[in-house]
Each structure stands twice: as C-alpha cells, then as structure tokens.
Amino acid sequence: IKNTGGEAYIVGGCVRDILLNKIPDDFDVTTSLSPEEIIPLFKKTVPTGIKHGTVTVIIDSNQIEVTTFRSDGEYSDSRHPSEVSFVKNLKEDLARRDFTINSLAYNEKVGIVDKFGGIDDLNNKVLRAVGEPTKRFNEDALRIMRLFRFSSQLNFNIDNDTFDAAIKTSPLLSNISRERIATELFKAILSDYPQRINPLIKSGALEFCGIRKTAVSDNLAKL
C-alpha cells in the first residue's frame, strides 16, 4: 500500500496487545486507499465488506482485514451504521472506535498515532470511551458487553463517565442477538477476573435473556 502512495496503519486491538506485551490474535489495517484500489495490489482478496470499505487480504494462510478510512453514519439498529463515508483523515477514522485503548494506530514511518489518550489509559489501566460515551453505546450496544469483557480480561478499571453511560444505555442490549452477548459473556467469565462483570449483571441488564442479577453475580463474587 505504501509503495502505491497510500497510507496504511495497523490499528485497534493488535496495537493495544503489542503494547501490553501480548501476541495479537489477528491484525487489522486501516488505509487511505479505497477497496477498488486495494484489490489489484494483492494476489488473493475477499470482498468481505465492500459497502463498509473492508477487503480481506489473504497472504499465505493469514487473513488481514484492510478497511478504508471512514466515518460512520446513523446507527438504526443499535449495532451497525446504516451508511459510512470514506474519509482521507486518519483521526476521523480513529474517532469512530469504541475505547481509547482500541483507537491506537501504528506504522513504521509515523510510529504510534494516539489521538484520544489511549497510551495514558493503557498505562493507568483504564477503559474509557472515545468521545461521548453515551453516543458510543447508542451507536452499538454490543460495546457495553465488550467494555466489561475487556475489564475482565485486562483487569482494567472503567472510567466513571463510561461506566455510568454503559449502565444507562444497557436496555439497548435487548436489540443484540443472544449469540453475540453469549460470546462476550463467556470470554469475561473465562478470564482471570470474571468478577469485573458483576456490576453489569447486578444492574439487571441481562435479565432479558434469563441471567438474573442475584444468583449469577453472587456466584461470580466467589471466584
């Protein structure tokens, strides 16, 4: 991509994990090039999300999601943007991310790009929404589950404003499929600090899918 004159950065969870001395499960790339410009550059690609600017590049057995810089439009279903706009500015792309520790980007030329205080939050072990937290959770309610899952996996505290917004908007979780909720819940429970999901359960946020706020949270507190 760089040799073609475009910008490209690894972004999100892979950068976070590297800074935490963890081995990333996968790598995502964000770029100034459009999907139509990306596809001819590689021998094998899959148009996994052209509408949202995403092409999966396959190199050997590795699948790398490459997504054009974008900003998201309105979210009509508490999960997916109804439309996206492609932009040329990396900061606009990072602004749509969920949490500051996931809004970091990196390439060899520029180094780490940190527009929203993600490095400080990593160092202080704090989870904080990018921008206005209520807006982030209204856009995608699954981010509420991800917030408590990351807290459980990383043993990070949750910023007060982000926590309050997550609990306030938690009724939106009823719009999310139970499969997606179960995936995040299982990851939290199987982590080293499963008790960190207690506040979400005690709030009653998951009672709509049969997880009562007393029995489960009491058992987790014993772990």
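Student: Which residue of β5 stands opposite Val55, and what makes β4 and β5 a pair of strands?

Tutor: Val55 stands opposite Val66 in β5. The model is a predicted one, and in it β4 and β5 are joined by 6 bridges in the antiparallel sense. Pairing requires at least two bridges, so β4 and β5, with 6 bridges, count as paired. The two strands form a hairpin with 2 residues between them, and Asp60 in the turn has a positive phi of about 55°.

Student: How do you know that β3 also pairs with β4?

Tutor: The reasoning uses the threshold of at least two bridges. β3 and β4 have 3 bridges, in the antiparallel sense, and the bridge partner of Gly49 is Thr54 in β4. Their hairpin has 4 residues between the strands, and Gly53 takes a positive phi near 85° there.

Student: Why is strand β4 described as largely enclosed by the rest of the structure?

Tutor: A residue is buried when its relative accessible area is under 20%. In strand β4 (residues 54-59), 5 of the 6 residues are buried, so the strand is largely enclosed by the rest of the structure.

Student: What is the strand order of the open sheet, and what makes β3 and β9 its edge strands?

Tutor: The 7 strands follow the order β3-β4-β5-β2-β1-β8-β9, and their pairing is mixed. β3 (45-49) and β9 (111-113) each pair on one side only, as edge strands. From one strand to the next, the twist averages 30°.

Student: What makes the pairing in this sheet mixed?

Tutor: Strands of a sheet pair through backbone hydrogen bonds, either parallel or antiparallel. Here, strand β2 (residues 28-31) and strand β5 (residues 62-68) pair in the parallel sense over 4 bridges, with Glu65 in β5 as the bridge partner of Asp28. Strand β1 (residues 8-11), by contrast, runs antiparallel to β2 and is joined to it by 4 bridges; Ile10 stands opposite Val29 there. The sheet is accordingly described as mixed.

Student: How many bridges join β1 to β8, and how do they compare with the criterion for a pair?

Tutor: β1 and β8 run antiparallel and are joined by 2 bridges.

Student: Why is the contact between Asp98 and Arg146 called a salt bridge?

Tutor: The cut-off is 4 Å between a side-chain nitrogen of Lys or Arg and a carboxyl oxygen of Asp or Glu. For Asp98 and Arg146 the N to O distance is 2.8 Å, which means that the pair meets the criterion.

Student: Why is Leu127 called buried, and which residues is it in contact with?

Tutor: Leu127 has a relative accessible area of 0%, and the limit for buried is under 20%, so Leu127 is buried. Leaving aside neighbours within four places in sequence, its contacts include Ile101, Leu147, Phe150 and Asn157. Leu127 and Asn157 are 30 residues apart in sequence, yet their C-alpha atoms are 6.2 Å apart in space.

Conventions. Residues are numbered from 1 along each chain as its sequence is written. This is a predicted model: local features need pLDDT of at least 70, side-chain atom pairs count only at pLDDT 80 or more; totals for chains, interfaces and linings use all residues. Side-chain values use heavy atoms; hydrogens and water are left out. Axes are lines fitted to C-alpha atoms, for helices over the stretch in contact, and angles run from 0 to 180 degrees between N-to-C directions. Buried means under 20% relative accessible area, exposed over 50%, partly exposed in between (1.4 Å probe, protein chains only). Contact means heavy atoms within 4.5 Å.
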